[in-house]
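Visitor: Please show me the model, and then let us go through it by question and answer.

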Amino acid sequence: MAPTTLPEQLVRTCRFTRGVPERFTVSSDGGTVLFLRGRTGDDPAVCLWALDVASGRERMLADPVRLLANGRSPRTAGIEAYGTDAAAGVVAFALAGGLWKLDVGKGEPRRLPVVGPVVDPRPDPTGCHIAYVSHGALRVAEANGSGDRSVAEPDTPRVEFGTAVHTGATSLDGIRGHWWSPSGGQLLFARTDFTHVRPWPTAEPAGPQATRTALAGTPNPDVTLWLSARDSPPVPVSWNRVAFEYVVGAGWDAHGPWVVVQSRDQHTVRFLGIGPGDGRTTVLDEQCDPCWVQLVPGLPARTGSGALLSHRDLRGTRYLTLDGTPVTPAGLQLRAVLGTDGDEVLFTASGEATETQLWSYAPNSGLRKLSSGPGVHSGASRGGTLVQVTRDAERPGGRAEVLRAGGPAVAVLSYAERPVLDLHAQRLVLGPRELAARLHFPSWHRRGSGPLPVLVDPYGGAALQRVTAELDWRVLLSQWFAEQGFAVLTTDGRGTPGRGPDWEREVYGDLFGPVLDDQVTALHEAARLHPDLDLGRVAVRGWSFGGALAALAVLRRPDVFHAAVAGAGVADQRLYAAHWRERFLGHPDAFPQRYDACNLLLDAPRLTRPLLLIHGLTDTNVPAVNTLRLSEALRAARLPHELLLLPGTGHQPIGSTLTGQLLDRQVRFLWRHLDVGPTHEPTGHPVRRPS
């Protein structure tokens, strides 16, 4: 049965991610494209597919429902990731704790008889062996499952091999911890020791006890790298680990193994070449910045001829550089390097902050823009074949097509559902800083028909833009709130991505001051352009960084904001991940005043407005004790507020079965405190209000 409301649709589609093709891999000859996709827009059993570029035909390579037909529920099984050899002819993936191997074009996947549960399986480039992680050990098996052996076993429960917690900062496929040599004869791998990482502060007995994230100012995991050959003991990789304690990237290309290391203060990053025999390192590139060196996905890297790809932040622009020389123009902001094919580089960059375009660069052909039209574009290319992904305002998940010279464009089917509501929003550029904003109105509202209460709905932090050319679930949720009787304003202020390094660094040393000022400016500018906005009834809601911002808004600017819904926010900045928080505020021992200035607990006695606090008790991103301590501080000051704790729920409950109830609670809170008279249930269809 089709969903009748957006909250129901968010649950069944897992926020419109189901049925969307993703994780594209192009074979070395460009003739085949592998990808993951469910069979429908509500199917959680993600399958592995292959597209034949010449014929345009798709075929399913691995169906989890069929593979797990021994009674396991098909509603809970899916392939989340996969690895391939260099030719993309051998595929390995983990499913239901097992290791599965597939020869593309040669029959069904086969479960290999290896030690489980299996994590992050990776075939070597020749397709002869598969490395994987199980119970903290790094293991290798023959491609047929025989000869399964341990490469490195942890000697304590606090040690893991084959994982490195911060490599996701530069890796295009998530956190990595082991990398094959091109010949398949050696492995570079990480050993991560969590012994000195302090226990995660939990909010309930069943909370995330095993979470091993270092909080600001506390000891980090100790990460070392090792080189292993089949018949030799592992060799340690050497660098100044006291000065550079973060391993934020590593790999092995045709020119040898390498590692990216970063200082604790994040002012310096080095790209080190590794001797494959002795583990000694050589500095190939160094970057320094008085605030922080930005980590760009896919960088640094080397082209087929050995030229060094990196980036430089100069005079307000993030440039792509080749052997230290910028190859992109001023004003084009580099986003990510998606890969190299020989000496050709595929990357994304933004000229207009709300859009991300797809580009290529090669020494012989120069710079080329591959995408066109508004959107958030991405892709993959190899062997003369380009997969172009366009996420625009048409539908969630966007569209993908495969392009090859001399042939027609081949569409990759998407089964993403169409939203049950339409957008009624307009893009705005507000104030002297030209803040990018989106203003939603109820579908039933007519300009000049009467004042509307305002809901400010930002994220505002450095990790995420909310105002882009892409239609995603957050945009739809803002429209849903508008249908409940609000004008909803979303603004990206200082610190958000896309507008260059100077804009990003405006929040160095002060996470909230500039951000809150920009939200206030945007609100007043929007009201100047649209007199229907009632500045006497303004609420703010947010999640994660946006949750902290929402709480701070009513604490510090009650003259502007009259109620707030704050979900999963960081109240005490010392209670958040060291690598992320220290990037902006430094070490709390060196800059305690910065942490105090951003501490909501110290502002708690100032509360004069209604505040609803929400947090999942098994949140492994933001410790729930942040919200609990803020509530305790408010109670100690005898200040009324509402607290909603979600047992067994993680950082993002929207999309879970709690969605409808959670949104209902927020809307009723806002209605009550902004004096909005409902004409329908908040989880039902929008109903036109009487004029």
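**Strand pairing and overall fold**

Guide: In strand β2, the residue that bridges to Thr25 is Leu34, where strands are DSSP runs of E with at least two residues and helices are runs of H or I with at least four, numbered from the N terminus. This is a predicted model, in which local features need pLDDT of at least 70, side-chain atom pairs count only at pLDDT 80 or more, and totals for chains, interfaces and linings use all residues. Residues are numbered from 1 along each chain as its sequence is written, and side-chain values use heavy atoms, with hydrogens and water left out.

Visitor: Which residue takes a positive phi in the hairpin of β1 and β2?

Guide: Strand β1 (residues 22-26) runs antiparallel to β2, joined by 3 bridges; two strands pair if DSSP finds at least two bridges between them. Between these strands lie 5 residues, and the one with a positive phi, near 75°, is Gly30.

Visitor: How many residues of strand β2 are buried?

Guide: Buried means under 20% relative accessible area, exposed over 50%, and partly exposed in between, with a 1.4 Å probe and protein chains only. Strand β2 (residues 32-37) is mostly covered, and of its 6 residues the number buried is 5.

Visitor: What radius of gyration does the protein chain have?

Guide: The radius is taken over C-alpha atoms, and the globule rule is 2.2 Å times the number of residues to the power 0.38. For 691 residues a compact globule would therefore have a value near 26 Å, and in agreement with this the protein chain has 25 Å.
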